[in-house]
Amino acid sequence: MIEPGISLEFEGIFPTTREERCQKSELLALIDEIQVRRERLGESKIVRLDDFKAQLLTLANAYRTWLMRREVEEEFQAQFSKIVLAAQVLKTALGRLDPLSRKCLGKAQADMFYHADGADKEELSRLEDLHRVGYEPRTGWHFDEDIDSVEVAAASLAGKNKRGRPSGTLEQQVAQEFVVLCHQHSWSPIRVSNSGSIRNTGVVLSDPVRCLAAVFQIAGLPKPVSSSKALSALNVVRKGFPYATGPMYEDHGRKIYDEEFCNFYHVDFLCMVLESDVGMPRFGPNTGI
């Protein structure tokens, strides 16, 4: 069964700001330009052109919605990463205390608890009994245990918050959806022959890269970043990937496809093939790149 991914169903609204409207217009103009060039070169036309444009705008808005959610999630996780770090610093500082200092800290903590409003009488009685038999807390009354529990709890909430370059998994999934749309609208085969860094001014981007980059731009990414991410994502998915269409349900926020009623495909830059029809393309001519 295909591992379900993040839903890219449309959420939100279409571009409303002036800049976003300009980016939308640029994408639509780019598709028209590509269509004219394909006709001039004798290549297959993009069929249902208006629907293809609408699907790309939907994909851009879904991507933008996910980016906003990821930003909120990263901020949520970052605050707990700080708590984890603070707990570790506190444990280190407590561990450096000499025995006398630890005893003073434990007594001070007990005194504070004893004079606090609503103090737990059973806990106070237990503490007094321990003191009578010569018990000396390691770093204070329940302090180690409290810090450990806070650190573990905070780490569980900050577990996905990682430093370094962000993962390109989402961009690769958007690229997969883009490739599927291209095949469904007869833009096949998909040619992404360019390689190298976008920073190299000599690089001329192919039409699929330019089109996907425009989708990323509408979602809010800067133009150079959009081009770089589009090229990288397409170069990753060009090896082929599984794809499913049909009924699905959600399990803890993930999409699960019903194997009995879904269609499962293998998709690459040549064509989109039903797994049950090996070697028989469902969408796109089976021609070389």
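**Entry 1: α6 and α8**

I began with helix α6 and helix α8 (residues 223-237) in this predicted model. They pack at an angle of about 70°, and their axes are 9 Å apart. Angles from 65 to 115 degrees count as roughly perpendicular, so I noted α6 and α8 as roughly perpendicular to each other. Then I listed who makes the contact. From α6 come E171, Q172, A175, Q176, F178 and V179. From α8 come K229, A233, L234, V236 and V237.

How many residues apart in sequence are V236 and A175? I counted 61. In space they are 9.1 Å apart, C-alpha to C-alpha. V236 is found in helix α8. Is V236 buried, partly exposed or exposed? Its relative accessibility is 41%, so I wrote down partly exposed.

**Entry 2: α8 on its own**

Next I looked at α8 from end to end. It has 15 residues. From its first C-alpha to its last it reaches 21 Å, close to the 21 Å expected at 1.5 Å a residue. I then marked its buried residues: S226, S227, A230, L231, A233, L234 and V237. What do they pack against? I found α6, α7 and β1 (241-245).

The spacing of such residues made me recall a rule. An α-helix has 3.6 residues a turn, so residues three or four places apart point the same way.

**Entry 3: α2 and α6**

I turned to the other partner of α6 on my list, helix α2. The axes of α2 and α6 come within 11 Å and cross at roughly 170°. That makes α2 roughly antiparallel to α6. On the α2 side the contact uses F52, Q55, L56, L59, Y63, W66, L67 and R70. On the α6 side it uses L170, E171, V174, E177, F178, L181 and C182.

**Entry 4: aromatic rings**

I got a count of four aromatic pairs. How do the rings of F52 and W187 meet? Their centres are 6.2 Å apart and their planes stand at 70°, so I called the pair edge-to-face. F52 lies in helix α2, while W187 lies in the loop between α6 (169-184) and α7. The pair therefore ties together parts that are 135 residues apart in sequence. I checked how covered each one is. F52 is buried, with a relative accessible area of 0%. W187 also counts as buried, at 3%.

I looked at F76 and F80 next. Their ring centres are 5.0 Å apart and their planes are at 65°, so this pair is edge-to-face too. Both sit in helix α2, four residues apart, about one turn of the helix. F76 is partly exposed, at 41% relative accessible area. F80 is buried, at 16%.

Which residues form one aromatic cluster? I wrote down F52, F178 and W187.

**Entry 5: α1**

Helix α1 (residues 18-40) has 23 residues. It spans 33 Å from first C-alpha to last, close to the 33 Å expected at 1.5 Å a residue. I marked E20, Q23, L27, L30, I31, I34, Q35 and R38 as buried. The buried residues of α1 pack against α2 (49-95) and α7. After α1 I came to G42, whose phi is positive, near 80°.

**Entry 6: the whole chain**

Now I stepped back. I counted eight helices and six strands. From the N terminus on, the order is α-α-α-α-α-α-α-α-β-β-β-β-β-β. Buried residues make up 36% of the 289 residues. I also looked at contacts between residues at least 6 apart in sequence. Of these, 66% join residues at least 24 apart.

Last, I checked confidence. The chain averages a pLDDT of 76, and 66% of the residues score at least 70. Which element has the highest mean pLDDT, and which the lowest? I found helix α7 (residues 207-218) at 94 and strand β6 (residues 281-283) at 45. Over residues 1-13, pLDDT stays under 50. The model has 33 contacts beyond four places in sequence for that stretch. Over residues 279-289, pLDDT also stays under 50. There, too, I noted 33 contacts beyond four places in sequence.

How values were computed:
Residues numbered from 1 in each chain as written. Predicted model: local features only at pLDDT ≥ 70, side-chain atom pairs only at ≥ 80, totals over all residues. Heavy atoms only, no water. pLDDT = per-residue confidence, 0-100. Helix = DSSP H or I, 4+ residues; strand = E, 2+ residues; numbered from the N terminus. Contact = heavy atoms within 4.5 Å. Expected span 1.5 Å × (residues − 1). Buried < 20%, exposed > 50% of the residue type's maximum accessible area, 1.4 Å probe, protein only. Phe/Tyr/Trp six-rings, centres within 6.5 Å; stacked < 30°, edge-to-face > 60°. Axes fitted to C-alpha atoms, helices over the stretch in contact; angles between N-to-C directions. Parallel < 35°, antiparallel > 145°, perpendicular 65-115°, else oblique.
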